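Please read it alongside the model.

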Amino acid sequence: MGQIIGFDPRKRRKRKERNAQIPHKSRAYRSSPRKFNWIPGLAIVAALGVYASEYVPLIPGCDIKGNISQSTGERIYHIPGQEYYWETRIAYLYGEQWFCSEEAARNAGWRKARTR
């Protein structure tokens with residue numbers, strides 16, 4: 001059987017040993033997804049901000065909750081003092097939002113919540 005020209009098993013072994021010592025040269029590191037260096041606590045603060053904004057408006061004075069009914073898809077807004085106002089939360093992923101006035105909510109196509 002013939003020998004492969006230019007192939008030296010000793011060089012290959014040395015290269016493997018060298019790459020094993022340097023983590024950024026190894027194949028496992030190159031194929032792994034990149035990791036981001038977060039400022040400590042930034043992710044927690046961001047998560048708390050989103051959680052708090054479900055119940056508290058991000059802009060002071062804009063306290064009208066625009067809610068979308070999960071069963072019918074109706075767009076309903078709630079004003080402070082109405083029944084279920086405090087139980088209603090805003091889910092931005094579903095298109096729900098805060099409004100600063102009832103007029104703005106009506107112009108955007110939302111109707112006022114009916115009270116019992």
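## A bridge between strands

In this predicted model, Gly66 has Gln97 of β3 as its bridge partner. Strand β1 covers residues 64-68. Three bridges join β1 to β3, and the two strands run antiparallel.

## The sheet

Four strands make up an open sheet. Their order is β3-β1-β2-β4, and the pairing is mixed. The edges belong to β3 (97-99) and β4 (111-112). Each has a single partner strand, so one side of each is left without a neighbour in the sheet.

In general, strands of a sheet pair through backbone hydrogen bonds, either parallel or antiparallel.

## His78 in β2

Strand β2 spans residues 75-78 and contains His78. Is His78 buried or exposed? His78 counts as buried because its relative accessibility is 10%, and the cut-off for buried is under 20%.

## Ser69 in the loop

Ser69 lies in the loop between β1 and β2. Ser69 is buried too, with a relative accessible area of 17%.

The Ser69 side chain makes a polar contact with the side chain of Thr72, at 3.1 Å. Tyr94 is 25 residues from Ser69 in sequence. In space, the two are 9.8 Å apart, C-alpha to C-alpha.

Note on methods:
Residues are numbered from 1 along each chain as its sequence is written. This is a predicted model: local features need pLDDT of at least 70, side-chain atom pairs count only at pLDDT 80 or more; totals for chains, interfaces and linings use all residues. Side-chain values use heavy atoms; hydrogens and water are left out. Two strands pair if DSSP finds at least two bridges between them. Buried means under 20% relative accessible area, exposed over 50%, partly exposed in between (1.4 Å probe, protein chains only). A polar contact is a pair of N or O atoms within 3.5 Å; within protein, one must be able to donate a hydrogen and the other to accept it, and residues adjacent in sequence count only if both atoms are side-chain atoms.
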